[in-house]
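The following paragraphs lead the reader through selected parts of one structure, residue by residue. Please keep the sequence and the model at hand while reading.

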Amino acid sequence: MLIIGLFVASLTLLIVLLYLLQAKFSALRSQQQFLAQLCFQLEQQKLERKALNITIVPQEFAALYHTLDELLTALPANVGKDKLTGLANRVGLKRALTAMMPLTHGTIVLIDIYRFRYVSDLFGFIFGDMLLKQFAERLNGLSLAPRLVARLNGDEFFLYYEQTLTEDQLVHLRGRLQVPFNIKGIPVSVKLQIGCVHLQQHNADTSQMLRRADLALKKARNTRSAIAFYADNDDIRQLRELKIIDSLPKGLQRDQLYMVYQAKQDIATGRCFQVEALMRWEHDELGSISPSEFIPLAEYAGMIDLVSQWALDQVLAQQAKWRAAGMHLCVAVNLSTRDLDCETLPQDIATRLAHYQLPPESLMIEITESTLMADLNKAVKALTEIRALGVKLAIDDFGTGHSSLAYLKHLPVNEVKIDKAFLQDLGQDKPSEYILEASINIAKKLGYEVTVEGIETLDIKNMLVDMGVDTLQGMYYAKPMRAAELETTWEQLHNPA
């Protein structure tokens, strides 16, 4: 009986132990299931913000669960998601890329819809939003599917491919994305610009990779193919540009920027009645910086008003000194696209002329033809108001801006300046001569005086005189000079023997 009793007691103890072990394993299984569901639902928060929904929460994790749920409720919804397209936005993209780091292979593709703003201006913002949504849907439906897709801002989209894309693949990708869209029954064509970074050679942290993609896209905007790849020296170029932009206000304050003046020769008299004011910059670190480099950067950085106002003041202050010394001439100064956008520009010019006590005919404003054609109606309005002041107007780089002759006849200008590019191969190539002569004849028949710039030889000068040009400008006649040097040569230029 004793043995039977011991056996029963042992069996009972074993059953209790098995029960306890089963309960332990059941609790572990429950905890594992809870943690798996929690991880999955937290991962889904990247795509859509919503409350946690787990029906069975182990007691030991209850406090954690409720704290996380309250935190998600307090956070703003879909902070990493673009509301219009449903794609990841810049915040969501950076979060996703950071989670995938290090990225040492594949291709980053940055896509810009060229002149998308004109679509919105023409058809309205709702129409433009519909185009962006359809474009996003097309990105999500690509047969060559990217790992990540995001809308960074406006009309700029990001793709990440795990494989290295060739230029041929990018051309095919662009062709697929450029197939005309149909929006409210209206066919809409788009042109894309693409910047790429191959991560095998140029992997870095998230911010650096995005910056390099931006640099590649910037290159693409200036190439005929509209596709460009990031290269090592692009960083060096950007650092130079940043230094130029950062130094510009200081350069103006410290008189590193200054004006030179290049005389123009009147063909009828052989005398000089006009000069063109040209900006120069001697940077204390970078040396001489060309206006063709720093003016576009000033426009991009929103500082062109500062530069243009400085230039007008420099020119008019110098004009006042020259007139007081008996030097009566007209000075031409270049203005940019952004200057014409300023509604107060005509009044600003009038105020400055009055301040320096100068007659309006002492000033000429030169505007490039491409600037005029960027927004012709606005340009014509601004130029008409400036012309009404008595200030002279000239179209610079005439014939290079792909303008319409139907519009040119309405421009309230006095003069056109034919670009020196027309002089290439002149005297050796008859078609070049015919094109130049036709451009001169068109301008004169429209009632403009004609100046040709870039004259460097007597032979070219004689050919242009025979074509009926009114004014010549170039190194053959006079180099750009500082004000003091122009004063010493003025008598010779104004009254040649």
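F294 is placed in helix α10, which covers residues 291-300. In this predicted model, F294 counts as buried because its relative accessibility is 1%. Leaving aside residues up to four places away in sequence, F294 touches I244, L257, M279, W281 and I289. A further residue, I304, stands 10 residues from F294 in sequence, and the C-alpha atoms of the two are 9.7 Å apart in space.

Another helix, α5, comprises residues 125-140 and contains R138. How does the span of α5 compare with what its 16 residues should give? At 1.5 Å a residue, α5 should span 22 Å, and its end C-alpha atoms are 23 Å apart, which agrees. Several residues of α5 are buried, including F127, G128, L131, L132, F135, A136 and L139. R138 belongs to the buried residues of α5 as well.

Although R138 is buried, it has no salt bridge. The nearest side chain of opposite charge is that of E137, 8.2 Å away. Because a salt bridge requires a nitrogen and an oxygen within 4 Å, E137 at 8.2 Å does not qualify as a partner of R138. What does the side chain of R138 reach instead, at 3.2 Å? It reaches the backbone oxygen of L177.

Charged pairs are the next topic. Side chains of opposite charge can pair when their charged atoms come close. The structure holds 21 salt bridges. One of them joins the side chains of D112 and R221, with a distance of 3.8 Å from N to O. D112 lies in strand β1 (residues 107-113), while R221 lies in the loop between α8 (206-220) and β7 (227-229), so this pair ties together parts that are 109 residues apart in sequence. D112 is buried, with a relative accessible area of 7%, whereas R221 is partly exposed, at 40%.

A second pair is formed by the side chains of E241 and K218, which meet in a salt bridge at 2.5 Å, N to O. This pair links distant parts of the chain, since E241 sits in helix α9 (residues 233-253) and K218 in helix α8, 23 residues apart. E241 counts as buried at 17% relative accessibility, and K218 is partly exposed with a relative accessible area of 34%.

The side chains of K479 and E485 provide a further salt bridge, at 3.2 Å from N to O. K479 is partly exposed, with a relative accessible area of 42%. E485 is likewise partly exposed, with a relative accessible area of 31%. Beyond such pairs, K264, E276, E366, E415, K417 and E453 are linked in a network of salt bridges.

Cysteines complete this tour. How many disulfides does the structure hold? The number is 0. C272 counts as buried because its relative accessibility is 0%, and C330 is buried too, with a relative accessible area of 4%.

Conventions:
Residues are numbered from 1 along each chain as its sequence is written. This is a predicted model: local features need pLDDT of at least 70, side-chain atom pairs count only at pLDDT 80 or more; totals for chains, interfaces and linings use all residues. Side-chain values use heavy atoms; hydrogens and water are left out. Helices (H or I, at least four residues) and strands (E, at least two) are DSSP runs, numbered from the N terminus. Buried means under 20% relative accessible area, exposed over 50%, partly exposed in between (1.4 Å probe, protein chains only). Lys and Arg count as positive and Asp and Glu as negative; His and the chain ends are not counted. A polar contact is a pair of N or O atoms within 3.5 Å; within protein, one must be able to donate a hydrogen and the other to accept it, and residues adjacent in sequence count only if both atoms are side-chain atoms. The expected span of a helix is 1.5 Å times one less than its number of residues. A disulfide is a pair of cysteine sulfur atoms within 2.5 Å. Contact means heavy atoms within 4.5 Å.
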